[in-house]
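Please read the following walk through a protein model with the structure open beside it.

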Amino acid sequence: ARARVLVIGGGYGGATAARYVRLLSDHQMEVVLIEPNEAFVSCPLSNLVIGGSRQIAEVTTPYDGLARQGVTRVKDTARAIDPQRKTVTLAGGATIGYDKLVLSPGVELLFDSIEGLRAAHDIGRVLQAWQKAGPETIALRQQLEAMRDGGVYAITIPEQPYRCPPGPYERACQVAWYFRNAKPRSKVLVLDANPDVVSKGALFKRVWSDQYKGIIEYRPQHKATAVDARAGVIRFEVEEDVKADVLNVLPPMRAGAIAVQAGLNNMAGQRWCGVDYVDFQSTAARDIHVIGDAIQVAPAMPKSGHMANAHAKVAAAAVVAELSGWPLTPEPMLTNTCYSFVDDQRVIHVASVHAYVPDERTYKAVGASGGVSPAPTELEGRYALNWARNIWADTLG
Ligand code: FAD
């Protein structure tokens, strides 16, 4: 029988892995992708939908390209993995066996680590739009549109590591851009559990003081502990309570629920999945390769779509090599670029290169290989849009 590679999750990591196993096996291996959503909706660029300069359709791509590569897509949710029997059971009841499993379930938001947040989320009062772009992105945009001029939008940021280090700061810029044009008496509060801006700090701070002076206020060392949805109040471990009209509370995160079900979350207080970085094989179970945001990343590696796409290619090459009896690519080299829109046109970036160091079995950032933009420009805005087009084509075909 043909080898079967099962992929759970059709996001940045999983869709790329599915496509590359087909390509690298010369379309010989069977690839089955399990993903409940009808289309791929990108978190990258989704902050522009919240700012109002883009529509959700512009960040949505159908899965047809994967079908053209011969990937079989099962529109369902994986409920349980049995690593001993090498089977996955779906919510719909079916059980599928695998030779290799690639798991890219993204993150689970730990609502219960902030008192009152789960209930406030479930009634649609306090949104995140972080675990998945789509209806929640639109709902958050609608909350901003419904807010009175003179109101306050507050975003809270959990301690590192979380999905997309610059993402919350980009979102603050997008909301401030909207307010400046449409509701100029309104304010953006950035309430950060970290001691300072986690990514592109100097650049973001300059944008906030030049472009959004009097609109964005940044407060470090604010670790949210509770929300009172009715009063519109966020409480913190140490600092004073904050009242706001639109509350965008991002709780701490961990590996997607299915990875936890399978017991693969063996790192950092059970939050992330440990992998052997040479092939992304789980350190908890054989023949399961975990990629993307769900893993314990190597030092200086961000949880980004760009990195998930890069992990996927290393994992796909390893899976195809192992199932074919070929030698493994010994020293993978990965890259990352994260662009952030500071308004509807201008962009800043951070880039890095990560080389696998066999002796230490980890990735290390290559000295002087990366860096950040000198300042926001429209040219980088064009690069950012082309980055998105390229990675969507590479991920989805
Ligand atoms: P995801 O892309 O989230 O994919 C996980 C998939 O798994 C989902 O489709 C989900 O439906 C599916 N799934 C989960 N559980 C199951 C299950 N049990 N069964 C079947 N399917 C399942 N990154 C960048 O590189 N650049 C950016 O500019 C950028 N901007 C961002 C802006 C925002 C606002 C946010 C929130 C994130 C941003 N990111 C950016 C980060 C990027 O979105 C993530 O790092 C990336 O999506 C991680 O890929 P993944 O495959 O791990 O998870």
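The model is predicted.

Two packed helices are described by the angle between their axes and the distance between the axes. Start with helix α1, residues 12-24, and helix α10, residues 378-396. Their axes are 7 Å apart, and the packing angle is about 55°. Angles under 35 degrees count as roughly parallel and 65 to 115 as roughly perpendicular; α1 and α10 are therefore oblique to each other. On the α1 side the contact consists of Tyr12, Ala15, Thr16 and Arg19, which meet Asp394, Thr395 and Leu396 of α10. Sorted by class, this contact of α1 with α10 holds 3 nonpolar, 2 polar and 2 charged residues.

Helix α1 also packs against α9, at an angle of about 35° and with the axes 8 Å apart. The crossing of α1 and α9 is right-handed. From α1, the contact draws on Tyr12, Gly13, Thr16, Ala17, Tyr20, Val21 and Leu24. Divided by class, the contact of α1 with α9 comprises 12 nonpolar, 5 polar and 1 charged residues.

The remaining pair of these helices is α9 and α10. Their axes cross at roughly 35° and come within 11 Å, and the crossing is left-handed. Here Gly305, His306 and Asn309 of α9 meet Ile391, Asp394 and Thr395 of α10. The class count for the contact of α9 with α10 is 1 nonpolar, 4 polar and 1 charged.

Which elements supply the shell around the ligand? At least two residues each come from α1, from α2 (46-51), from α9 (305-324) and from strand β22 (333-341). In total 36 residues surround the ligand, and the closest are Gly9, Gly11, Gly13, Gly106 and Gly292. By class, the shell has 15 nonpolar, 17 polar and 4 charged residues.

Two annotated spans come from a record. In an unreviewed entry, UniProt lists residues 4-125 for "domain: FAD/NAD(P)-binding". In the model this span is 25% helix and 31% strand, and its end C-alpha atoms lie 43 Å apart. For "domain: Flavocytochrome c sulphide dehydrogenase flavin-binding", UniProt lists residues 330-396, again in an unreviewed entry. Residues 330-396 are 28% helix and 39% strand, with 26 Å between the end C-alpha atoms.

Where is proline 161? Proline 161 sits in the loop between β11 (152-157) and α6 (167-182). The peptide bond that joins glutamine 160 to proline 161 is cis, with omega about -5°. Leucine 45 is placed in the loop between β3 (39-41) and α2. Although leucine 45 is not a glycine, its phi is positive, about 80°. Helix α2, at one end of that loop, is among the elements that supply residues to the shell around the ligand.

Notes. Residues numbered from 1 in each chain as written. Predicted model: local features only at pLDDT ≥ 70, side-chain atom pairs only at ≥ 80, totals over all residues. Axes fitted to C-alpha atoms, helices over the stretch in contact; angles between N-to-C directions. Helix = DSSP H or I, 4+ residues; strand = E, 2+ residues; numbered from the N terminus. Parallel < 35°, antiparallel > 145°, perpendicular 65-115°, else oblique. Contact = placed C-beta atoms within 7 Å. Nonpolar A, V, L, I, M, F, W, Y, C, P; charged D, E, K, R; others polar. Near = placed C-beta within 6 Å. UniProt positions renumbered as here; feature names shortened; annotations may be inferred. Left-handed = near helix turned anticlockwise from the far one by under 90°.
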